[in-house]
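Subject: Structure for your files

Hello,

Here is the structure you asked about. My notes follow below it.

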Amino acid sequence: MRLLTTAFAALLALPAAAQDIDPGNWEAVLAEAQGQTVYWHAWGGSTTTNDFIAWIGDRAAEQGVTLEHVKLSDTADAVSRVVAEKESGADQDGAVDMIWINGANFAAMKDQGLLFGPFAEQLPNWQYVDVDGKTVQTDFTVPVEGYESPWAMAQVVFIHDSATVDAPPKSATAILEWAQANPGRFTFPQPPDFLGTTFLKQMLIDLVPDPAVLQEPVGEDYDEITAPLWAFLDELTPHLWRSGEAYPQTGPRQLQLINDGEVDIAISFSPGEATAAIANFQLPDTARTYVLDKGTLGNASFVAIPYNSGSKAGAMVVANLLLSPEAQLRAQTPDILGYGTVLDMDKLSDEDRAAFEALDLGIATLSPAELGPAQAEPHPSWATRLADDWVAKYGTN
Amino acid sequence: MLRPLPLLTAALLALPVLAGVIGTLLPALGHAPAIGLDGWSLAPFRDALAWPGLTEAALLSLWTGLAATLGTLALLALILGGWHGTRAFTALERILSPLLAMPHTAAALGIAFLIAPSGWIARALAPILGLSRPPDLLIVQDGLGLSLIAGLIAKELPFLLLMSLAALPQLRPNARLKTARSLGQGRMAGWLKAIFPGVYRQIRLPVLVVLVYGMTNVDVAVILGPNTPSTLSVQVTRWMVDPDLAMRATAAAGAVIQLALVLAAMVFWVALERGAGRVHRFWVWCNHGLPERPLRLAGIVLATIAAGLVLFGLASLAVWSVAGPWRFPDLAPEFLTLRSWMRHGPEMAQVAAITLLIAGLSTLIALALTIGCLEAEHRHGMTPGSRALWLLYLPLLIPQIAFLPGLQSLLLKPSLVSVTAAHLVFVLPYVFLSLGDPWRAWDPRYARVAAGIGAGRARVLWQVRLPMLLAPVLTAAAVGMAVSVGQYLPTLLIGGGRVPTLTTEAVALAAGGDRRAIGVWGLGQAGAAFAPFALALILPALVWRNRKGMRNG
């Protein structure tokens with residue numbers, strides 16, 4: 001029956017996957033991967049991530065795979081590359097072998113048949129993945145179906161400088177009150193930047209009576225559901241940094257603003273970011289993180305393989321490496337990366353579990369208990385619509 | 001043998017651009033099978049026009065581009081007219097010339113740190129004003145784009161100045177100025193009346209290139225320009241990289257609008273040139289002078305500010321690259337550390353080698369083609385029609401964002417070779433721009449004299465013309481190298497990200513805002529572009545140290 005489903009899924013992925021390697025036959029994958037070069041297109045804006053990827057490259061080399069990190073300023077660059085290749089008929093050995101991806105980029109590529117798969121659940125290290133406790137089989141409500149493999153969990157936290165803010169605001173209403181009392185000291189990345197859009201989603205979740213409505217695609221009742229968000233933003237915007245006439249363009253840019261003393265609070269999608277930033281002198285050592293009273297959004301980072309990659313076997317080897325307890329432990333180490341693991345502690349060997357438990361998360365990182373359960377990402381259509389409407393209302397005046 | 005070269009070169013430049021533009025037009029008209037658009041429709045244009053910020057973004061592009069170009073030109077006239085030939089000018093030239101090499105991204109990041117309310121200037125003033133927190137002032141990314149215009153002027157002034165200086169010796173400015181002054185003109189009035197029109201004629205295309213760059217650049221506008229909304233090119237780039245693949249069509253339509261806007265601005269500029277020409281002729285014949293002292297003062301002060309912005313910006317990158325903890329309002333970091341260099345240095349050295357290899361190869365080919373074309377003109381008396389010239393400059397006058405995606409599907413495999421080829425498309429016009437006018441302005445009587453004493457054409461080229469034009473040739477090569485080093489979109493799109501250069505790495509880091517990493521990579525990028533300029537300045541002086549008549553170039 002399993003074989004039948006796999007065969008059926010492979011059939012669906014035609015024609016790209018027609019002569020492709022079978023992910024279920026790991027021996028063959030390993031053999032095929034020997035000598036392959038994998039070009040991993042991943043956001044290159046964070047020096048800690050870059051160093052981690054270089055370390056993964058060393059591990060891949062031990063298995064005969066050369067990993068090259070192609071540093072993107074925007075994941076969509078890689079998506080447009082694959083689109084252009086499909087346009088020009090370059091269906092073999094495309095430039096992109098693997099993409100760090102999730103959310104709308106994944107939904108778009110899966111929808112356009114630009115991805116190889118399914119492969120994720122056939123990877124040997126999939127056995128350790130926490131499929132029940134973590135959202136690794138849906139990505140922003142879109143079923144993953146093995147077309148991308150998870151490698152890190154992220155959850156929204158807010159960073160503040162405890163030297164200047166003693167009681168940080170822990171709800172949308174509190175943020176508004178705080179901004180009114182401290183004009184010019186709060187801002188968020190400008191939508192449609194993903195973190196800026198995340199801020200909009202996070203505030204919406206905090207403001208709607210029942211966030212479950214956001215799991216469905218945007219419908220007729222959009223105006224009604226989002227009315228509290230726009231009322232909130234109408235009041236908030238005049239009290240923002242630069243009175244809302246300019247915004248930081250990316251998330252990490254906010255860290256610089258805190259360090260420069262321009263703002264006091266920043267949103268982040270990485271619970272360990274503040275600790276790593278303190279170690280790199282990017283934040284004062286008085287920086288701390290917190291989550292909202294009702295909790296915060298969480299999602300997984302994945303890697304996907306384009307349909308026209310010439311090194312699919314090598315890419316699967318790297319995806320599998322990313323899921324290894326060793327790599328996951330390293331990723332969670334705060335002064336290295338501080339990303340949440342996707343593994344289930346109960347499925348690990350005693351030794352590995354002990355190593356995870358022994359991790360000192362760092363002064364500015366919350367423990368899993370303090371982070372609390374992650375709120376589910378809304379359907380991707382919400383992000384698009386919220387960002388568009390924000391741009392129309394506040395981004396073009 | 002050289003006869004077909006100009007045509008070949010023009011084709012080499014024009015074909016990729018035309019193919020690329022067609023590749024942009026098709027999706028703009030609703031035809032893009034890869035994203036599921038098969039029919040023909042104006043829907044992409046309707047979508048682009050429906051974007052609420054479009055009018056403002058388009059006007060902003062137009063305004064910042066025109067204002068930056070006019071501002072640069074005015075400042076150029078003030079400095080050349082007021083100070084050319086003085087010691088202050090030589091000093092200014094020494095400071096400004098190397099700044100040409102400074103990549104736009106690095107310059108913009110440096111300037112942003114200087115003028116921001118938490119930047120160096122504010123930090124210097126903080127103790128006087130008693131500030132413990134930076135004031136909440138909108139300076140960088142202001143709605144009128146003033147900081148963007150200032151940044152563009154600071155960055156483009158060295159470019160036009162160097163172009164003017166390369167052209168000047170042919171105009172024999174000293175003799176002309178003497179004549180003008182003997183007719184009772186002041187220094188500045190005389191210079192602007194007798195010499196500047198000749199200079200402008202030689203730098204006309206560079207000026208148009210500055211106009212197009214000012215209107216369409218993404219790297220500077222993203223850092224210094226407004227964002228609510230941004231300039232049109234920034235918005236088109238955002239559409240281009242939108243995760244929603246259907247937005248590619250909107251982006252294509254936006255790129256076509258951008259293209260139309262650029263063409264309209266150029267038509268406007270040409271009309272402006274005519275008007276200015278008439279006013280100038282009238283002014284030459286009437287006996288009015290200029291308020292010499294205030295204008296000269298304004299020229300030197302503004303030029304010093306422009307140079308200071310870029311220089312102190314560069315210095316701020318250098319300090320950030322070795323900074324430990326560094327917060328407002330401290331003027332300097334708590335302590336210095338080499339950690340950022342240890343972390344990024346080794347990788348940067350590798351990337352720098354690739355960058356210089358691409359720059360060297362593309363410049364060498366460009367130089368060979370350019371000299372071949374110019375020599376063909378000379379030998380066969382071919383006068384390039386204005387149409388051929390416009391073809392040549394096409395890659396610089398058509399916004400990159402409008403044709404690169406099309407070019408991407410044309411060049412098959414991403415590799416060092418295809419990236420070099422793509423760079424050639426941009427390097428060649430700049431090399432031609434730098435070298436063409438000085439080359440053509442060379443007095444052909446030297447050739448006749450040489451021929452008269454029995455020298456063949458090849459010998460005239462190698463032993464008379466090239467040595468005499470050593471300074472402009474080297475300047476052109478340095479410009480070519482700097483252009484190649486600074487290319488972002490072509491490297492990223494054609495290289496498929498597989499060919500990292502200092503610029504792609506620096507821009508990727510700029511998104512992350514880690515000023516220490518930006519400092520290291522920005523300095524590396526500036527260094528790679530700076531080295532050839534240093535050579536271009538030093539070599540002629542060395543080679544001609546015992547030839548007084550060769551040294552005013």
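Into which domains is chain A divided? The two are domain 1 (2–151 + 301–366) and domain 2 (155–298 + 374–395), with bounds that come from an automatic or database domain assignment.

This is a predicted model, in which local features need pLDDT of at least 70 and side-chain atom pairs count only at pLDDT 80 or more, while totals for chains, interfaces and linings use all residues. Residues are numbered from 1 along each chain as its sequence is written, and chains are lettered from A and ligands numbered from 1 in the order in which they are written.

Confidence: pLDDT (the predictor's confidence in each residue, from 0 to 100) averages 90 in chain A, and 95% of the residues score at least 70. Over residues 1–18 of chain A it stays under 50. For that stretch the model has nine contacts beyond four places in sequence, a contact being two residues with C-beta atoms, placed from the backbone, within 7 Å.

Domains: the C-alpha centres of domain 1 and domain 2 of chain A lie 28 Å apart. Contacts between them involve 21 residues of domain 1 and 24 residues of domain 2. On the domain 1 side, helix H5 (residues 103–111) of chain A gives the most, with three residues; helices are DSSP runs (H or I, at least four residues), numbered from the N terminus.

One residue: A:Gly219 sits in the loop between helix H7 (194–207) and helix H8 (222–236) of chain A. Its C-alpha atom is 9.6 Å from that of A:Ser381, 162 residues away along the chain.

Regards

Conventions:
Helix = DSSP H or I, 4+ residues; strand = E, 2+ residues; numbered from the N terminus.
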